[in-house]
Amino acid sequence: MYIYDEIDQKLVEQRVAQFRGQTQRFLNGQLTEDEFRVLRLQNGLYIQRHAPMLRVAIPYGMLTSKQLRTLAYVARRWDRGYAHLTTRQNIQFNWPRLEDVPGILAKLATVQMHAIQTSGNCIRNTTTDHFAGVAHDEIINPLIWCEIIRQWSMLHPEFAFLPRKFKIAVSGAEVDRAAIGVHDIGLQAIEQDGVFGFMCFVGGGLGRTPIIGKLINPFVAWYDLLTYLQATLRVYNLHGRRDNKYKARIKILVKDLTPEVFAQQVNEQWALIKGGADTLTEEFVSSIANKFSWPTYDTVSENDNAVMAHHLTTNTAFARWFRTNVHQHKVSGYSAVTVSLKATGSPPGDMTADQMEVLAEMADSYGFGELRVSHEQNIILPDVKTETLYALWQELNMLNLATPNIGLITNIIACPGGDYCSLANAVSIPVATAIQERFDDLDYVHEIGELDLNLSGCMNSCGHHHVGHIGILGVDKAGEEWYQITIGGRQSGALHLDKKSSKDNDERSKCGASAAIGRVIGPSFAREQVPDVISRLIQTYLTLRESEAERFIDVVDRVGIEPFKKDVYADPLLSKHSNLVRESNV
């Protein structure tokens, strides 16, 4: 965990005091709504359907047990006893009173937390792999590089008022678990001829115009990272649209200029600053690494492995959880554990204050007091001794936190939707609940196998529906809620990079194209039909797959969407009430 120094702490405390004054002036009528809007957005405060929403930063998804206990305190004192984890590894409170927000931020500052740049047209929270620092396949530890980017980008005056919001993701492993292809800038660590650096993808994003990022530089050496990022953002700041918010994202600029021209303009800007003040040194990188509190791991005996093997062979429920929720660690004798927040009936990504406190205690008891937030809206215990997994599972199971569904259909990614968000066209949580209830048979869920199901309440795609193997989008049709279905999306995948040798640009371009945008299967459906549509898609998949190892996404890639589309709309109960009939009658 990165430990603040005196300067870090002072900056956050000054920001709290500044916002307290701004809020008071607004409440006193000294600031207009328009004047206050930009100030509150820079401090993570939105006005939603029923109440303000406060988005708190969790830099690169990393939390301490003390911080999680403080979030539980905030949820109880100033909210309704819970909070929502986001796909950007942050956390949101949906019910604070406006006048209480400065007090919340002051409390968070005591544990090195804040809401700076969690909204607004600036560089948002830099995200990464939720197994960063413990992944067995890491090329470099991305936590250090995310912290370097955080310090460089936070309150950077040149990038405080960009054309639109800006998101950066860093992958430090051979498998991209950070979805770098759908970010404004996606960085993939690689090693080339004994020097490590980053492949730089630019112009990815979801929302109204989903686009996969383009490789604009196949290798940026580590010491040039910040100057190259700065050059990229300068081109965007200079030429990004400010007259039309729907065309303001960098993905539109890259598309309009073409990736080749955009890359050329970045190189022109880079030539002006490369080797300058923001060039990184080994001394500086080491100073950042040394501000992290890194775990000291124990040596584990072979007898412990025998005990674990016994539990796996004698307890079916534990073995099932082990297969889905336990992940390989870089250190022998340790594992990373995903705690699913997706039990049937639980709103995806919501975490109660009681759960926060229990998980904080488990982080202390079974690890080194650290936790991670995944972009799949779950909690990770990153450093669990393998010998203690059975005891951990028993505790989680008693608390309904041991659902063995990571990577499966009920591990639904969903935004809060129309129940909270004023931008949403349709609700998300009731639809997610209905799907969970339909697929509540664990035997069937495990038979289906790996499948990402993502759900968004509007085109802003906060639920990342575009990159779900199955994606669900809430749409408004003449004031009514309907749901559009996509299949074939993919957020990321294996890059298959040789860490020790250089690769040509063509191969790297193919590696970076591991993300994919799903395709719409046809006209939208009424809310009550959605579980039936998903069931039909699953039935088609199970019929078409050639082996149990062939995943849903593999079958879609092999046969296309037409067999799925045909089966869904051939069902008279689905086609009868789908928007196909509505559109044909208009």
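**Entry 1: strand β12 and its neighbours**

I started with a pairing: β12 and strand β15 (residues 379-385) run antiparallel and share 5 bridges. For my notes, two strands pair if DSSP finds at least two bridges between them, and helices (H or I, at least four residues) and strands (E, at least two) are DSSP runs numbered from the N terminus. Within this pairing, T338 has I380 of β15 as its bridge partner.

Before going on, I noted that this is a predicted model, in which local features need pLDDT of at least 70 and side-chain atom pairs count only at pLDDT 80 or more, while totals for chains, interfaces and linings use all residues. Residues are numbered from 1 along each chain as its sequence is written, and side-chain values use heavy atoms, with hydrogens and water left out.

Next I looked at strand β11 (residues 326-328), which is antiparallel to β12 and joined to it by 3 bridges. Here H327 sits opposite A336 of β12. The hairpin of β11 and β12 has 5 residues between the strands, and G333 in this hairpin adopts a positive phi near 95 degrees.

How many residues of β12 are buried? I found 6 of the 6 in residues 334-339, so the strand is largely enclosed by the rest of the structure. Buried means under 20% relative accessible area, exposed over 50% and partly exposed in between, with a 1.4 Å probe and protein chains only. I also checked the directions: Y334, A336 and T338 point one way from β12, S335, V337 and V339 point the other way, and all are buried.

**Entry 2: the open sheet**

Then I turned to an open sheet of 5 strands, ordered β6-β7-β8-β9-β10, with mixed pairing. Its edge strands are β6 (127-128) and β10, each of which pairs on one side only. Strand β7 (residues 168-171) runs parallel to strand β8 (residues 185-192), with 4 bridges joining them. In that pair I168 stands opposite I185 of β8. Helix α8 (residues 259-273) packs on the sheet and touches β9 and β10, and its direction makes about 30 degrees with that of β10. I take contact to mean heavy atoms within 4.5 Å. Axes are lines fitted to C-alpha atoms, for helices over the stretch in contact, and angles run from 0 to 180 degrees between N-to-C directions.

I stayed here for G213, which lies in the loop between β9 (195-202) and β10 (214-221). G213 has 9% relative accessibility and therefore counts as buried. G213 and F201 are 12 residues apart in sequence, and their C-alpha atoms are 5.4 Å apart in space. Leaving out residues up to four places away in sequence, G213 touches G181, F201, V202, G203 and G204.

How do α3 and α12 lie to each other? Helix α3 (residues 65-78) and helix α12 (residues 353-366) have axes 8 Å apart and pack at an angle of about 170 degrees. They are therefore roughly antiparallel to each other. The scale I use is under 35 degrees for roughly parallel, over 145 for roughly antiparallel, 65 to 115 for roughly perpendicular and oblique for the rest. The crossing of α3 with α12 is left-handed; that word applies if the near helix is turned anticlockwise from the far one by less than a right angle, and right-handed if clockwise. On the α3 side the contact includes L68, L71, A72 and A75, and on the α12 side it includes M356, L359, A360 and A363. By class I have 9 nonpolar, 1 polar and 6 charged residues in this contact. Ala, Val, Leu, Ile, Met, Phe, Trp, Tyr, Cys and Pro count as nonpolar, Asp, Glu, Lys and Arg as charged, and the others, Gly among them, as polar.

The second pair is helix α14 (residues 429-438) and helix α17 (residues 530-544), whose axes come within 9 Å and cross at roughly 45 degrees. That makes α14 oblique to α17. This crossing of α14 and α17 is right-handed. V431, A434, I435 and R438 of α14 meet V530, P531, D532, I534 and S535 of α17. The residues here divide into 6 nonpolar, 1 polar and 2 charged.

**Entry 3: two single residues**

H311 belongs to helix α10 (residues 302-314). H311 is buried at 19% relative accessible area. Beyond four places in sequence, H311 touches F318 and Y390.

T403 is in the loop between α13 (389-398) and β16 (413-414). T403 is buried too, with a relative accessible area of 16%. What does T403 touch, not counting residues up to four places away in sequence? I listed N325, S340, K342 and A343.
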